[in-house]
Amino acid sequence: GTQIEEGVKFCPSCGTDLSAQPETNQQNTAQQAPQTDFTAKVAALNNTADTTADFDKADIEQNKVMGILAYLSWLVLIPIFAAPNSKFARYHANQGLVLAIAEIAWWIVTAILNAILYAISWRLGSIVSTLLGLVNLGFLVLLVIGIMNAVNGRAKELPIIGKFKILK
């Protein structure tokens with residue numbers, strides 16, 4: 001029952017790939033089984049709230065660099081203190097701060113698990129350590145998404161962790 005505009009490649013409701021279907025079947029897309037395509041799932045994961053329209057264009061243009069700095073770990077402190085009146089810089093500082101806190105928490109959990117597992121067996125510890133380390137790639141992906149949003153002047157939430165608000 002979802003209305004789909006011309007030229008849309010994925011269903012906005014379920015994420016089904018519409019490019020491979022004939023135009024006559026696009027009305028029935030919402031009734032089909034959910035798409036198991038990995039790219040559709042990734043696209044749906046990155047389908048987060050975009051509040052760019054709520055921000056002043058001049059503020060966005062002046063504070064893109066602050067938005068970029070917000071995602072570079074401890075450099076998140078620069079936009080927090082250097083641009084406290086910029087709504088755009090504060091938005092990205094919040095996203096970057098949540099990302100930094102999530103990374104630090106993950107590192108602590110990983111260090112504790114690695115210490116326990118290495119005490120049991122160095123083989124088990126090295127295997128699990130490698131697997132747990134792969135989560136850091138996810139943090140890198142979130143960092144790149146955040147920087148790209150700031151560079152493009154968008155106020156779009158990061159996937160998974162973007163809903164958390166620390167800064168007002």
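Predicted model: local features only at pLDDT ≥ 70, side-chain atom pairs only at ≥ 80, totals over all residues.

Helices, as the term is used here, are DSSP runs of H or I with at least four residues, numbered from the N terminus. By that numbering, I160 lies in the segment after α7 (135-151).

**Overall fold**

The protein chain contains seven helices and zero strands, so that its pattern along the sequence reads α-α-α-α-α-α-α, given that helices and strands are both assigned as DSSP runs. Of the 168 residues in the chain, 35% are buried. When contacts between residues at least 6 apart in sequence are considered, 58% of them join residues at least 24 apart. The accessible surface of the chain amounts to about 10,500 Å², and carbon and sulfur atoms account for 65% of that area.

**Positive phi angles**

Most residues other than glycine have a negative phi. Against that background, S73, which is not a glycine, has a positive phi of about 50°, and I160, likewise a residue other than glycine, has a positive phi near 70°. S73 sits in the loop between α3 (64-69) and α4 (77-82), whereas I160 belongs to the segment that comes after α7 (135-151).

| Residue | Phi | Relative accessibility |
|---|---|---|
| S73 | about 50° | S73: 33% |
| I160 | near 70° | I160: 66% |

Because its relative accessibility is 33%, S73 counts as partly exposed. I160 has a relative accessibility of 66% and therefore counts as exposed, the cut-off for that class being over 50%.

Definitions and conventions:
Residues numbered from 1 in each chain as written. Heavy atoms only, no water. Helix = DSSP H or I, 4+ residues; strand = E, 2+ residues; numbered from the N terminus. Buried < 20%, exposed > 50% of the residue type's maximum accessible area, 1.4 Å probe, protein only. Contact = heavy atoms within 4.5 Å. Areas by Shrake-Rupley, 256 points an atom, 1.4 Å probe, with all protein chains shown as cover.
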